[in-house]
Amino acid sequence: MIEVLEQGGHGVPDLTDRPLPQVDNVSSTYWSGAAQGALLFQQCPACGHRQFYPRAMCTACAADTEWKQALGRGTVHTFTVIRQNMASPWDRLLPYVVAIVELEEGPRMMSNITHCDVDDVRVDMPVECYAVAVEDGLAIPFWRPVQSERTERGRSA
Ligand SMILES: [Zn+2]
């Protein structure tokens, strides 16, 4: 399970004024799962392929997929630090990290890395997922350094 946090708390993004996901019949299970503390991805019962983002069928063999719950742990596969963005509301968030996180289960997700200095983010850095509650049945997953790493950095600072 992943933590579901209220927006704007310590280090937690405030999503006011940000565009929200357009929930459809393919992705609604993913978003409502996150709101209940379950980070979900799709797995194909026919060929075993695992995929994210949610799609109507397996991208490897076109079979119907099943939802699986991820542990919510992964590593930074790649990332970039956004230092310039003149569009609101992103201008007030600078600088921020956009990363591709590889789940322990394999699929990769694009998200932000929070709860650390943007200059501390590294490829292969262990990260954990949490979700920010937006409204009833909708929460948005974000990633942060695993607890032990945050504590370690806090002590050395
Ligand atoms: Zn398949």
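Does D119 count as buried or exposed, and how many C-beta neighbours does D119 have inside 10 Å? I looked this up before anything else. D119 has 9 C-beta neighbours inside 10 Å and therefore counts as exposed; the cut-off for exposed is 12 or fewer. I note here that the model is predicted.

**Entry: the loop between β7 and β8**

I placed D119 in the loop between β7 (108-113) and β8. I then took the C-alpha separation of D119 and V97, which came to 9.2 Å. These two residues are 22 apart along the chain. D124 is in the loop between β7 and β8 as well. I checked its backbone and found a positive phi of about 75°, although D124 is not a glycine. D124 is exposed, because 8 other C-beta atoms lie within 10 Å.

**Entry: positive phi elsewhere**

I went on to A62, which is not a glycine but has a positive phi of about 70°. I found A62 in the loop between β3 and β4. A62 has 11 C-beta neighbours inside 10 Å, so I list it as exposed.

**Entry: cis peptide bonds**

The bond from S88 to P89 is cis, with omega near 5°. The bond from L94 to P95 is cis, with omega near -15°. I located P89 in the loop between β5 (73-82) and β6, and P95 in the loop between β5 and β6.

**Entry: strand β2 and its partners**

Which strands pair with β2, and in what sense? I found that β2 pairs with β4 (residues 66-70) in the antiparallel sense, over five bridges. β2 also pairs with β3 (residues 50-51) in the antiparallel sense, over two bridges. I followed Q43 to both sides: its bridge partner in β4 is E66, and in β3 it stands opposite R50. I then checked the cover of β2 (residues 39-43) and counted four of its five residues as buried.

**Entry: helix α1**

Which residues of α1 are buried? I listed Y30, W31, G33 and A34. They lie on the same side of α1, because they cover an arc of only 160° around the axis. In general, an α-helix has 3.6 residues a turn, so residues three or four places apart point the same way.

**Entry: the largest nonpolar core**

I examined the largest nonpolar core, which has 23 residues. A34, A131 and W143 touch the most other members. I traced the contributors: α1 (28-35), β2, β6 (96-103), β8 (126-135) and β9 (138-145) each supply at least two residues of this core. The largest share, five residues, comes from β8.

I finished with the contacts of A34, leaving aside its neighbours within four places in sequence. A34 is in contact with L39, A131, A139, I140 and P141. I note that A34 is also one of the buried residues of α1.

Definitions and conventions
Residues are numbered from 1 along each chain as its sequence is written. This is a predicted model: local features need pLDDT of at least 70, side-chain atom pairs count only at pLDDT 80 or more; totals for chains, interfaces and linings use all residues. A residue is buried if 20 or more other C-beta atoms lie within 10 Å of its own, exposed if 12 or fewer, and partly exposed in between; C-beta atoms are placed from the backbone. Two strands pair if DSSP finds at least two bridges between them. A nonpolar core is a set of buried Ala, Val, Leu, Ile, Met, Phe, Trp, Tyr and Cys residues joined through C-beta atoms within 7 Å. Two residues are in contact if their C-beta atoms, placed from the backbone, lie within 7 Å. The arc is that of the directions from the helix axis to the C-beta atoms.
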